[in-house]
Amino acid sequence: MSLYNYSTKTFTINGRTYSPPNAPTAVICIDGCADEYLSTSMAHGCMPNCLRLSAEGYRGMVRGALPSFTNVNNCAVVTGLPPSETGIGGNFIIDHETGEEVMTNSSKYLRKPTILAEASKSGRKVAMVTAKDKLRELLTKDMHGIAFSSEKAAEATLEVNGIENVEKLIGAAPPIYSGEASLYVLRAGVDLIRRGISDFCYLTLTDFMQHKYAPSAPESLEFYSGIDRYIGLLMDLGVVIGITADHGMNAKCLADGSPNVIFLESELRKEFGDGIQVICPITDPYVVHHGALGSAVTVYLQDILLRDSIADWLIRHDGITEVYNREIAAIKLQLPSDRIGDLFVLSGRDVVLGRSPEYHDLTMLEDTLRSHGGRYEEMVPMLLSRKLNCNYSAKASADPRNFDIFDFVCNGGN
Ligand SMILES: [Zn+2]
């Protein structure tokens, strides 16, 4: 019998009603987890707990939000809404009001309240643990509970983070450019639940390892076997678990290993003149990961009359797979129309889009380029520790989204 009482009070937020389970609950976002990472690790026997969880519960694929970037999808997951509603359509945007290029690492850009905040109001002991500190404040808008990052665990205070002495509790925090930065988040989740400090967790990792290593690399297998150990510990604690990813990850290089990049602003200016600005929405403070190169960009034009001819030129460009004008991007990609440019462009599975050779410091990149942002990193895994009920089984075989994960975890179990 459980030592703790869990609030099962339902709560409604952003048009959905959630019935939290009478058990500790954890949603895990494995950053950059293309399904190949799980299948390869399972095939190598590195994820026995995950395999058991899939057999006892559910494992399938869900569609993430485009562009397939971290902030975009984490905001979607914690609100249960697409980017058109959250207002976060990139890690990096032009602020419509000021005209400045800004990172969306502040909750002032998030237009909707979060499931986490509402769960905390309903009586759950909520904890949000992230590897990258950039997500901490963004994802915990109005939330009463615990929120800290492995990146800045040592600096956590009761006042800001709802917890102090994190390193004493969980252990010394690892460097951000490491696989350990992710494992620390999971260790924290296990610890907070085991001690009864939290019973409703969102644990979001970093994709440092996935940017660096392909699924079959020994380093990946070791990393995923580390993840699996913590999943096993959560299962032992009777935690209701949901696992998904913000986006997948693909190699984006030529046969010689060099980045397969189209410097779009340079090419467009050469063809159509200077009044063209390309924004790379992957841009964030962690450039070692990707050199600010991803498979989606947005283009701002001084002369809107050029838009159709530029769109036509772009879609014919080798390596570019989809081009939308602002209005269609808002509808088909579910993007906030006031926070994207006049055109939105996606590239192929092995192609990234950049601004100009001068803008991207490729010397910061370690090894070959692996990145995300486009259509080919859109589909991600979803795993649930409980079998699905009838309604949610039907939902799972339709067009489930990664930002339905809290819905599946709270409402989808038998
Ligand atoms: Zn990510």
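Strands (E, at least two residues) and helices (H or I, at least four residues) are DSSP runs, numbered from the N terminus, and two strands pair if DSSP finds at least two bridges between them. Residues are numbered from 1 along each chain as its sequence is written. Because the model is predicted, local features need pLDDT of at least 70 and side-chain atom pairs count only at pLDDT 80 or more, while totals for chains, interfaces and linings use all residues.

- Strands of a sheet pair through backbone hydrogen bonds, either parallel or antiparallel.
- Strand 10 (residues 240-244) and strand 19 (residues 379-384) pair in the antiparallel sense over two bridges, and Gly242 stands opposite Leu384 in strand 19.

**The two domains**

- An automatic or database domain assignment sets the bounds, dividing the protein into domain 1 (11-249 + 374-411) and domain 2 (261-370).
- The C-alpha centres of domain 1 and domain 2 lie 27 Å apart.

**Where the domains touch**

- In domain 1, 29 residues are in contact with 31 residues of domain 2, where contact requires that the C-beta atoms, placed from the backbone, lie within 7 Å.
- On the side of domain 1 that touches domain 2, at least two residues each come from helix 4 (83-86), strand 5 (92-94), strand 6 (101-103) and helix 10 (208-212).
- Helix 10 gives the most to this side of domain 1, with four residues.

Technical notes:
Two residues are in contact if their C-beta atoms, placed from the backbone, lie within 7 Å.
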